[in-house]
Amino acid sequence: MRLTLPLSRTLLATAVGLGVTAAGLGAVPAAAAPAPLPSAGYTGSAAEAKANQAFFEAVIKSVAEKRAANPLAASVTVVYNASSAPTFSAQIARSASIWNSSVSNVKLQSGSNADFRYYEGNDSRGSYASTNGHGGGYIFLDYAQNRQYDSTRVTAHETGHVLGLPDHYSGPCSELMSGGGPGTSCTNPNPNAAERSRVNQLWANGFAKALDKALSKADAR
């Protein structure tokens, strides 16, 4: 989740995030060079919106392909691996718990056969969600940003991108996907009613479409 910062991208990586200043670059999958800080009132860009959607689609495709052999399972589970972000293990577990108690059509679960991963380090872009364009996704958690902003809110916001939600910087603190827009005093880590409803809708409809595609691909083999 980028709180306030627009992002440049390479052809092989697409990222979106929170956007605050940090020093250095963490050892994570290759991503784009830092972008300049935005002017006051920055509300996102079409490129960032496209990146959010690409990350969600990468995750949902991964889930669908793994479940194609068992399409009648009662619930959709998205598996994450947080082993590369040990500093934020408590915040990651908390954000998963928040989302699992907020929505009914999808659940987050820690495991090794992951649909996406968490990483940590230093990055001048702050924290962000990214897809490499090859079906893999990850969330990067920046040290400096997590000291400046409430860390559980940062993590829950980035996890919201996994579930299909875009940034909405101009929203109030009560809106999780407003990210850093409301400022560092905002510590709310919970999605509001509209965000919860949107995630449930996406995973009821979007997942069904992805699963249909995965099953069709399996039948064609």
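Does Cys173 count as buried, exposed or partly exposed? At 28% relative accessibility, Cys173 counts as partly exposed, where buried means under 20% relative accessible area, exposed over 50%, and partly exposed in between (1.4 Å probe, protein chains only). The model is a predicted one, in which local features need pLDDT of at least 70 and side-chain atom pairs count only at pLDDT 80 or more, while totals for chains, interfaces and linings use all residues. Residues are numbered from 1 along each chain as its sequence is written, and side-chain values use heavy atoms, with hydrogens and water left out.

The structure holds 1 disulfide, a disulfide being a pair of cysteine sulfur atoms within 2.5 Å. Cys173 is joined to Cys186, with an S to S distance of 2.1 Å. Their link is right-handed, with 90 degrees about the S-S bond. Both Cys173 and Cys186 lie in the loop between helix H4 (151–162) and helix H5 (193–220), so the pair ties together parts that are 13 residues apart in sequence. Helices (H or I, at least four residues) and strands (E, at least two) are DSSP runs, numbered from the N terminus. Cys186 counts as buried because its relative accessibility is 3%.

Gly171 is found in the loop between H4 and H5 and counts as buried at 10% relative accessibility. Leaving aside neighbours within four places in sequence, Gly171 is in contact (heavy atoms within 4.5 Å) with Ser178 and Pro182. The C-alpha atoms of Gly171 and Pro182 are 7.5 Å apart, although these residues are 11 apart in sequence.

| Residue | Relative accessibility | Class |
|---|---|---|
| Cys173 | 28% | partly exposed |
| Cys186 | 3% | buried |
| Gly171 | 10% | buried |

Helix H2 (residues 89–102) has 14 residues, which should span 20 Å at 1.5 Å a residue; its end C-alpha atoms are 20 Å apart, which agrees. The expected span of a helix is 1.5 Å times one less than its number of residues. The buried residues of H2 are Gln91, Ile92, Ser95, Ala96, Ile98, Trp99 and Ser102. They cover an arc of only 160 degrees around the axis, which puts them on the same side of H2; the arc is that of the directions from the helix axis to the C-beta atoms. On the other side of H2, Ala90 and Ser101 are exposed.

H4 is mostly covered, with 12 of its 12 residues buried. From its first C-alpha to its last, H4 reaches 17 Å, close to the 16 Å expected. Gly164, whose phi is positive, near 110 degrees, follows H4.

**Core and chain**

The largest nonpolar core has 39 residues, and those with the most contacts inside it are Val78, Trp99, Phe116, Tyr118 and Trp203. Such a core is a set of buried Ala, Val, Leu, Ile, Met, Phe, Trp, Tyr and Cys residues joined through side-chain atoms within 4.5 Å. H5 supplies the largest share of this core, 7 residues. Leaving aside neighbours within four places in sequence, the contacts of Trp99 include Leu108, Ala156, Leu176 and Val199.

The secondary structure of the protein chain comes to 5 helices and 6 strands. Of its 221 residues, 50% count as buried. Among contacts with a separation of 6 or more, 69% are accounted for by residues 24 or more positions apart.
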